[in-house]
Amino acid sequence: MSVKISEKALDHVIDDMVEVVENSKDEIFNISEEARREHDHLVLELKETKEKVLQHIENGDKLEERVRFSRKRLAEVSKYFERYSEEDIREVYENTHLMQTNLAILRQEEKALRDKRDELERRLITLTHTINRAEGLAGKISVILNYLQDDFRQVNEMIENAKEKQEFGLKIIEAQEDERRKISREIHDGPAQMLANILLRSEIVERTIRNGSMDEAISEIKSVRKMVRSSLYEVRRIIYDLRPMALDDLGLVPTMKKYVDSISDYNNIPTEFSIIGEEKRLNSKYEVAFFRLMQESIQNAIKHSEASQIQVKLEIRRNSLTMVIKDNGKGFDVSKKKDKSFGLIGMRERVEMLEGELHIQSSLGKGTAIIIKVPY
Ligand SMILES: Nc1ncnc2c1ncn2[C@@H]1O[C@H](COP(=O)(O)OP(=O)(O)OP(=O)(O)O)[C@@H](O)[C@H]1O
Ligand SMILES: [Mg+2]
């Protein structure tokens with residue numbers, strides 16, 4: 001699998017998306033504010049209209065009462081018309097008529113007001129819906145923003161990690177090849193050459209014996225023996241580098257002790273090893289992992305830290321294994337990742353495989369501590 005999107009490019013895309021979504025959020029906010037203003041305005045208008053409707057009903061009722069009264073009077077005037085002048089009758093008649101007309105107008109206005117009131121109420125309901133929807137949308141957009149800002153960046157990180165792992169895999173293959181080359185060279189230059197030499201010398205010994213010079217033969221045999229011994233030493237060193245047999249034979253703790261001693265001697269850096277808890281054999285998967293983790297941590301301290309002291313602490317508990325490798329060197333910026341550096345990545349990988357945790361505490365000038373905790 002090839003990961004083509006680089007972290008930077010993806011960050012850019014996310015930033016753009018965040019901007020667009022943020023603008024939309026502002027727009028929705030504006031829409032919702034406008035709707036709210038309109039809503040408040042409508043509420044006021046509705047209140048006024050309702051008051052007017054009440055006023056009209058009241059006025060209408062009063063007027064109706066007066067019309068009724070006026071009509072009664074008109075009936076009376078009409079019945080006893082001999083008692084009233086023509087003038088009086090017309091006045092009553094016209095008055096009644098006028099009031100009836102006014103009442104009709106009033107009732108019509110009242111109906112118009114009622115219609116307006118109903119319309120306002122309908123618009124208010126729609127507007128409330130709009131406001132609610134805008135608010136819901138704003139909430140959803142906030143969720144999207146969160147996704148973009150947190151979860152999406154996490155995806156970004158995951159892609160970056162995947163890329164790192166892929167590079168790590170390639171590095172492993174490369175390292176394997178390097179290791180084979182190194183071993184074949186070491187065997188070629190060391191034991192193989194020595195064996196060839198020994199073969200040659202043994203022929204010389206044979207010839208010397210045939211010639212009867214025993215003393216010379218004995219001294220030759222002594223030098224052959226020396227050569228055999230150093231070949232043996234070389235072969236053992238190569239084997240140890242490949243995988244300390246002590247790890248399988250004696251277990252983690254003695255092998256670690258041996259390693260720390262030899263490395264301390266060789267590099268002239270006091271290196272301390274201490275163990276807490278019961279010293280016992282562990283599942284070989286864990287023994288190998290912890291040995292390699294310690295090896296890489298110490299190698300790093302020696303290679304990079306310029307420390308004058310290194311400490312290794314191993315704690316074996318019933319349910320967990322903890323190891324701390326500490327140096328008093330110059331420290332480094334943990335957040336900065338180096339290209340072509342795979343030691344720490346490999347360590348994380350190993351710890352992850354054992355479902356454990358690895359923490360690095362380091363600050364410039366204050367040394368480094370690698371803390372590894374693995375459930376067991
Ligand atoms: N104990 C330490 N003190 C100071 N710097 C350190 C220490 N451990 C690691 N570093 C820094 O972190 C970097 C990464 O370490 P890492 O082991 O991943 O790679 P490396 O040692 O450079 O190469 P590799 O392990 O692949 O041969 C180192 O190059 C070094 O700068
Ligand atoms: Mg390293």
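This is a predicted model: local features need pLDDT of at least 70, side-chain atom pairs count only at pLDDT 80 or more; totals for chains, interfaces and linings use all residues.
## Coiled-coil stretches

Helices here are DSSP runs of H or I at least four residues long, while strands are runs of E at least two residues long. An unreviewed UniProt entry puts the feature "coiled-coil region" at residues 32-66 and 103-165.

What does the chain do over residues 32-66? That stretch comes out as 100% helix and 0% strand, and its end C-alpha atoms sit 50 Å apart. Residues 103-165 likewise read as 100% helix with 0% strand, and there the end C-alpha atoms are 90 Å apart.

## A salt bridge inside helix H1

Searching the whole structure turns up 26 salt bridges. One of them joins the side chains of arginine 36 and glutamate 33, at 3.9 Å from N to O. Both residues belong to helix H1, which runs over residues 7-79, and because they are three residues apart in that helix, about one helical turn separates them.

The chain splits into domain 1 (7-168), domain 2 (174-241) and domain 3 (245-375). Between the C-alpha centres of domain 1 and domain 3 there is a gap of 73 Å. Still, the two are in contact, with domain 1 putting in four residues and domain 3 putting in six.

How much area do domain 1 and domain 3 bury between them? The figure is about 530 Å², with 66% of it on carbon and sulfur atoms. On the domain 1 side, Glu164, Lys165 and Phe168 account for 85% of the area buried against domain 3, more than any other three residues.

## Charges at the interface

Two salt bridges turn up across the interface of domain 1 and domain 3. Elsewhere in the salt-bridge list you'll find glutamate 164 and lysine 337, whose side chains pair up at 3.7 Å, N to O. Polar contacts across the interface of domain 1 and domain 3 come to one residue pair, with both residues at pLDDT 80 or more. Sorted by class, the face of domain 1 that touches domain 3 has three charged residues, one nonpolar residue and no polar ones.

Terms used
Residues are numbered from 1 along each chain as its sequence is written. Chains are lettered from A and ligands numbered from 1 in the order in which they are written. Side-chain values use heavy atoms; hydrogens and water are left out. UniProt positions are given in the numbering used here, feature names are shortened, and annotations may be inferred rather than shown by experiment. Domain bounds come from an automatic or database domain assignment. Contact means heavy atoms within 4.5 Å. Buried area is the accessible area (1.4 Å probe) that two parts lose on being put together, summed over both. A salt bridge is a side-chain nitrogen of Lys or Arg within 4 Å of a carboxyl oxygen of Asp or Glu. A polar contact is a pair of N or O atoms within 3.5 Å; within protein, one must be able to donate a hydrogen and the other to accept it, and residues adjacent in sequence count only if both atoms are side-chain atoms. Ala, Val, Leu, Ile, Met, Phe, Trp, Tyr, Cys and Pro count as nonpolar, Asp, Glu, Lys and Arg as charged, and the others, Gly among them, as polar.
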